[in-house]
Amino acid sequence: MTEIPPPTLGVLLAGGLARRMGGGDKPLREIGEKTLIERVAERLTPQCDGLVVNANGDPARFAFLHMPVVADDVPGFAGPLAGILAVLDWTALNRPGVEWVVSAAADSPFLPRDLVRRLHETRLLAGTKLACAQSGEQAHPVIGLWPVALRDDLRHALVFEDMRKIDRWTARHGVTAAIWPTEPFDPFFNANTPDELAEANLIANRYPDA
C-alpha cells in the first residue's frame, strides 16, 4: 500500500475486569516509568487521527491521557464488542469525516508501529470489510479495523442476538488477518498476570527501541 491510509480513529480498550491481575485497572499498571496504556497510546498516536479510551466507571482516572473516555452503552459487561460499538457510535457523532476505527487492547505495550497501515493494506488486497492482527499462528481479533458504517449491524448482533465473540461477528462480514512475526518478541504480547507484567518489563528493557 503506497498511499496514506484513510483517516482512522484509534480506541484503547480498557474495559476489562483484570481478574487474573487481581482486579483494578490493568492498563494503569506500569512498565518502567510509564503505564501500559501510555505505551499503547505512544505507538498508536502517530498512526491515527486521534485516540479515545473505552472504559467504564469514573472517567477521571484516565484524565492524565487528555483523551475522550467513552463508556459502553450496552447493558451488562458485554465484552470488547460493546466497547467497539460505543466508539463507532461516538465517531459517527463526533468525527463524521472518519469512516474507520482501529481497536487495540490497552495492555499491549509493544504494538507494531505500522499496525494501521498494514491492516488497511490487508483488507484492500483481500477485498474484505474487516481486518485483524495475527502473530505467528495466533489471531488477535480484538486488534482490528472496524468500519463505522457497520455500527447498526453490530448493535443488532449485541442487543438482539446476544453475540459476544468477536470472530463470530467478523466472520459474518469477511475478515482477513495481517500477520506479524513473533521474533524477537510478540508485538501483541499483553500483560494479563503479574508474571506477564514482569515479562513485559524484561522485553521493554531488552528492546528499548523496538
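## Helix α2 against helix α4

Let's start with a helix pair. In this predicted model, the axes of helix α2 (residues 80–94) and α4 come within 10 Å and cross at roughly 145°. Helices here are DSSP runs of H or I with at least four residues, strands are runs of E with at least two, and both are numbered from the N terminus. The axes themselves are lines fitted to C-alpha atoms, for helices over the stretch in contact, with angles running from 0 to 180 degrees between N-to-C directions. α2 passes α4 in a left-handed crossing; a crossing is left-handed if the near helix is turned anticlockwise from the far one by less than a right angle, and right-handed if clockwise. On the α2 side, the contact is made by Leu81, Ala82, Ile84, Leu85, Leu88, Asp89 and Ala92. The α4 side contributes Arg151, Leu154, Arg155 and Leu158. Contact means heavy atoms within 4.5 Å.

A word on ground rules: residues are numbered from 1 along each chain as its sequence is written. Local features need pLDDT of at least 70 and side-chain atom pairs count only at pLDDT 80 or more, while totals for chains, interfaces and linings use all residues, and side-chain values use heavy atoms, with hydrogens and water left out.

## Helix α4 against helix α5

Helix α4 (residues 151–159) also meets helix α5 (residues 166–173): their axes come within 11 Å and cross at roughly 135°. α4 and α5 are therefore oblique to each other. For the wording, angles under 35 degrees count as roughly parallel, over 145 as roughly antiparallel, 65 to 115 as roughly perpendicular and the rest as oblique. This time the crossing is right-handed. Asp153, Leu154 and Ala157 of α4 make the contact with Trp169, Arg172 and His173 of α5.

In the loop between α4 and α5 you will find aspartate 162. Its phi is positive, about 55°, although aspartate 162 is not a glycine.

## Aromatic pairs

A search of the whole structure finds five aromatic pairs. Rings of Phe, Tyr and Trp (its six-membered ring) pair if their centres lie within 6.5 Å; planes under 30 degrees apart count as stacked, over 60 as edge-to-face and the rest as tilted. One of the pairs joins phenylalanine 110 and phenylalanine 189, and it is tilted, at 6.4 Å centre to centre and 50° between the planes. This pair links distant parts of the chain, 79 residues apart. Phenylalanine 110 sits in the loop between β6 (100–105) and α3 (115–126), and phenylalanine 189 in the loop between β9 (175–180) and α6 (194–206). Both are buried: phenylalanine 110 has a relative accessible area of 4%, and phenylalanine 189 has 13%. Buried means under 20% relative accessible area, exposed over 50%, and partly exposed in between (1.4 Å probe, protein chains only).

Phenylalanine 185 and tyrosine 207 form another tilted pair, 5.2 Å centre to centre with 40° between the planes. Phenylalanine 185 lies in the loop between β9 and α6 and tyrosine 207 in the segment after α6, so the pair ties together parts that are 22 residues apart in sequence. Phenylalanine 185 is buried at 14% relative accessibility, whereas tyrosine 207 is partly exposed at 29%. Ring pairs link Phe110, Phe185, Phe189 and Tyr207 into a cluster.

The peptide bond from glutamate 183 to proline 184 is cis, with omega near 5°.

If you are curious about cysteine 132, look in strand β7 (residues 130–135). Cysteine 132 is buried, with a relative accessible area of 11%. Leaving out residues up to four places away in sequence, cysteine 132 touches Leu119, His140, Pro141, Ile143, Gly144, Val175, Thr176, Ala177 and Ala178. The C-alpha atoms of cysteine 132 and alanine 157 are separated by 19 Å.

Glutamate 137, in the loop between β7 and β8 (138–147), is exposed at 79% relative accessible area. Histidine 66 is exposed too, at 74%, and lies in the loop between β4 (51–54) and β5 (69–70). Histidine 66 has a positive phi of about 55° although it is not a glycine.
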